[in-house]
Structures are given as structure tokens and as C-alpha cells.
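Please look at the sequence and the structure before reading on.

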Amino acid sequence: MDDQKETLEGLTENYKTETSSSNSEISGMEFNELQMSSYNPYEDEHETRPLPDGKCVEGFLSQLFDDVDDLFGESRLEEQGHNIMWGLVNVFDRQAKQTNNALDKNQREMRNLMDQQDGSEVKSNQLEQVQSDCLKFEETLEVFEKMRDHASLKYTHYTNRDWMPYSGSKVNTKAQTASMVDSRDYLRQKAIAKNNTLIPEGRKFVITGGADYNDHEKIWNTLSNTLAKNPDMVL
């Protein structure tokens, strides 16, 4: 028993030695390849990689659906092939919805930061970062919606059925995204804030004409008495 234990320990040590010496260079090369092919920026770094090219996306998806049809078409698994096509469209639809949810969350954060602006550089930088993230979410959402729409066309081509999700509805935010709505809200709030700077704060009074509207002394006396009672009066 002791001999077997020593033998196993010896084999383990030999394996560690051989793998560490012979494969260290290969492992390093593989790690470098992974770094080059799957680079992900840190949270505080700006994403500089481009989005997928639109024509390449359409070509890839068309080929993907063609391959599924070639594999399952004209066989007893043709209907299952259609289900797989439905699932491909659903993948892009779910990604679009998740991105849209992230965009909505980003918009809420942006509104909160707008309310918190106090002129400090910290708050200003935070708002700029959130606005930058908002733009990224908008661009990503547009790409996934285009992928889903093109895949949906291919699904209809091969199945003669319109693609619809199992639950909910297929939403296309191209016409009016949540960001556009929030941008309009922001512009509306900005316009209101600008108008408020031109309107003095205070209790407002409206003066209307009467039979003695030409009696300026009476008018000024009335205004003076009103001002004495309401120092914050605004006409």
C-alpha cells in the first residue's frame, strides 16, 4: 500500500514538472491569443471597438438561416428546423429587450443626476459618463433590432409565417426610443427652467381695467397698499 502511494506521488510530481516546463510557452501563447481576440475594456475605459457592420450582419444571418434550411428542409425534421429559426429570431429579440431595459435604467439615472447638478466637476463628469453610456445603449439597441428584423424576414421567407414572440409584443423603438422621449422631457424641462429665470418669484397679482382706469393716482395708491401687505408681489 505504501509502495502504491509513493508511486502515485512520484507520478504526480513528474506530471507537474513536465507540464510546467513543456506547456508553459504554449499556455502563454494561448493566453495572449485570448487577450487579443476577446479584449474587454475596464469600467473606467471608453469602448473604442466598432459595432458589427450592417451588411456583414445581414450576410451572416442569411447564410445562417440558409444552412438551417439545408439541414432540416425537406425532411421529417423540417418543422423542428422552423422552431430553431424561431429561436434564432427570439435570441436577438431578447437581447434588444434587455438592452432597452438597460437604456431605461440609464435614462432614470440621467434624470436623477440632472436634478443633482450643483455646478461641481464631480457631478458634471458623472452626468457626462451617463450620457455617454446612454448613447452606447441606443446604438446597441438599434443593432440588435436590425438583427431581429432581418432574422424575422428570413423566418417568414422559410416558414410563410410572421414571427411573433410567445409573450408580449415585438417592439421597434426606431420610430421613438425611450431616449428620445427622455430627451424631449429634458428639453422641455430646460425650456421651463429658462423661462423661470425670466419670471420673478413671488405672489402674482393681475390688475384689470374699470370705469376709472384713467385715474392713475388711485391705481398707484392701490398698488402701494397691496405691495405693503405683500412685499413679494409680482404683477
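**Briefing on the predicted model**

Outside the four positions on either side in sequence, His150 contacts Glu58, Leu61 and Ser62. His150 itself belongs to helix α5.

**Chain overview**

- Seven helices and two strands make up the secondary structure of the chain.
- Read from the N terminus, the order of these elements is α-α-α-α-α-α-β-α-β.
- The chain has 235 residues, and 21% of them count as buried.
- Among contacts in the chain with a separation of 6 or more, 68% are between residues 24 or more positions apart.

**Helices α3 and α4**

- Helix α3 spans residues 54-72, and its axis comes within 8 Å of the axis of α4, crossing at roughly 160°.
- The two helices are therefore roughly antiparallel, since an angle over 145 degrees counts as such.
- The crossing of this pair is right-handed.
- On the α3 side the contact is made by Leu61, Leu64, Phe65, Val68, Asp69 and Phe72; on the α4 side, by Glu78, Gly81, Ile84, Met85, Leu88, Val89 and Phe92.
- By class, the contact between α3 and α4 has ten nonpolar residues, one polar and two charged.
- Leu61 of α3, which takes part in this packing, is also one of the residues in contact with His150.

**Helices α4 and α5**

- Helix α4 covers residues 78-116 and helix α5 residues 121-159; their axes lie 8 Å apart, at an angle of about 160°.
- At that angle, α4 runs roughly antiparallel to α5.
- The crossing of α4 with α5 is left-handed, whereas that of α3 with α4 is right-handed.
- The contact of α4 with α5 divides into 20 nonpolar, twelve polar and seven charged residues.

**Two residues of α5**

- His150 has a relative accessible area of 17% and is therefore buried, the cut-off being under 20%.
- Glu139 is also placed in helix α5.
- With a relative accessible area of 35%, Glu139 is partly exposed.
- Between Glu139 and Thr99 the C-alpha to C-alpha distance is 9.9 Å, across a sequence separation of 40 residues.

Terms used. Residues numbered from 1 in each chain as written. Predicted model: local features only at pLDDT ≥ 70, side-chain atom pairs only at ≥ 80, totals over all residues. Heavy atoms only, no water. Axes fitted to C-alpha atoms, helices over the stretch in contact; angles between N-to-C directions. Helix = DSSP H or I, 4+ residues; strand = E, 2+ residues; numbered from the N terminus. Parallel < 35°, antiparallel > 145°, perpendicular 65-115°, else oblique. Left-handed = near helix turned anticlockwise from the far one by under 90°. Nonpolar A, V, L, I, M, F, W, Y, C, P; charged D, E, K, R; others polar. Buried < 20%, exposed > 50% of the residue type's maximum accessible area, 1.4 Å probe, protein only. Contact = heavy atoms within 4.5 Å.
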